[in-house]
Amino acid sequence: MEWSLLGPEIYGFLFLVAMVAGFIDSIAGGGGLLTIPALLSVGVSPVQALATSKLQAIGSSFSASLYFIRRGVVDLRSQRFAICMTIIGAMLGALLVQFISPDFLRYLLPALVIIIGLYFLLVPNIGAEDRQRRLGPIAFGCLAGCGIGFYDGVFGPGTGSFFALSYVMLCGYNLAKATAYAKVLNFASNIGALGFFVLGGQILWLAGVVMLVGQIIGARLGASLVLSKGKKLIRPLLVTISFLMSIKLLYDQHGDTVRSWLAFYF
């Protein structure tokens, strides 16, 4: 059934998109803004696109997390509470999204992403080195882990950027370290939300697995650059992705108005 919906060439296209998204997502976040439109462009329904994108996103977050853990960048023991709270938050978000409209997030998100981009652009020394921690593990897990995990379950785009910024601002981590830890919590939120999408029966499994493989390959390449290039790579890419993400989200909301305006004047 699924193969008749999506032909072989479409799976090849989705694989390549997922690989690029995994590369970008492991460094700066925002890969979902590539994969979801790609799925929609081949005729997948919005609900199926969101559910399938969540499945394939696990490939990116798992691959990057495993890479960072094996190289001793991430201490899982210190993150146990944050991981648990992130999973709980994502589960609650994925459950409640079935009963509430996420439209308010669609209008709020561009502003939040622009703020992140401006922050990293205008504060060049942010994340240059470790600083004093502002929140303990319990407070961080409740505030950032549960809160951003909930957001990921409800909506999702930009989750990695939000986690990275939280580690920089609240834990005092340098940007490369914050990016590594952010992928672990991003993986936790993906796992937490995925279960409810599976129960809903909306996942296109073959497309999701093909894209998952692409995500794993792209994320592995991106994660290695995080450790080798560090802040020199992450900061400009994070700023660029933030602004591109904002433009994409604003266009999705107001594209009809922009096209009408252009047609009127030109």
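The model is predicted: local features need pLDDT of at least 70 and side-chain atom pairs count only at pLDDT 80 or more, whereas totals for chains, interfaces and linings use all residues. Residues are numbered from 1 along each chain as its sequence is written, and side-chain values use heavy atoms, without hydrogens or water.

The protein has 11 helices and zero strands; helices are DSSP runs of H or I with at least four residues, strands are E runs of at least two, and both are numbered from the N terminus. Of the 266 residues, 49% are buried (under 20% relative accessible area with a 1.4 Å probe, counting protein chains only; exposed is over 50%, partly exposed in between).

Helix H2 covers residues 8–27 and spans 29 Å from first to last C-alpha, close to the 28 Å expected at 1.5 Å a residue, where the expectation is 1.5 Å times one less than the number of residues. Its buried residues include Tyr11, Leu14 and Val17.

Helices H7 (residues 137–154) and H8 (residues 159–171) pack at about 170°, their axes 10 Å apart; axes are lines fitted to C-alpha atoms over the stretch in contact, and angles run from 0 to 180 degrees between N-to-C directions. H7 is therefore roughly antiparallel to H8, a term for angles over 145 degrees.

Thr52 lies in helix H4 (residues 46–70). Thr52 counts as buried because its relative accessibility is 0%. Beyond neighbours within four places in sequence, Thr52 contacts Leu39, Gln202, Ile203, Leu204, Ala207 and Gly208.

Methods: Angles under 35 degrees count as roughly parallel, over 145 as roughly antiparallel, 65 to 115 as roughly perpendicular and the rest as oblique. Contact means heavy atoms within 4.5 Å.
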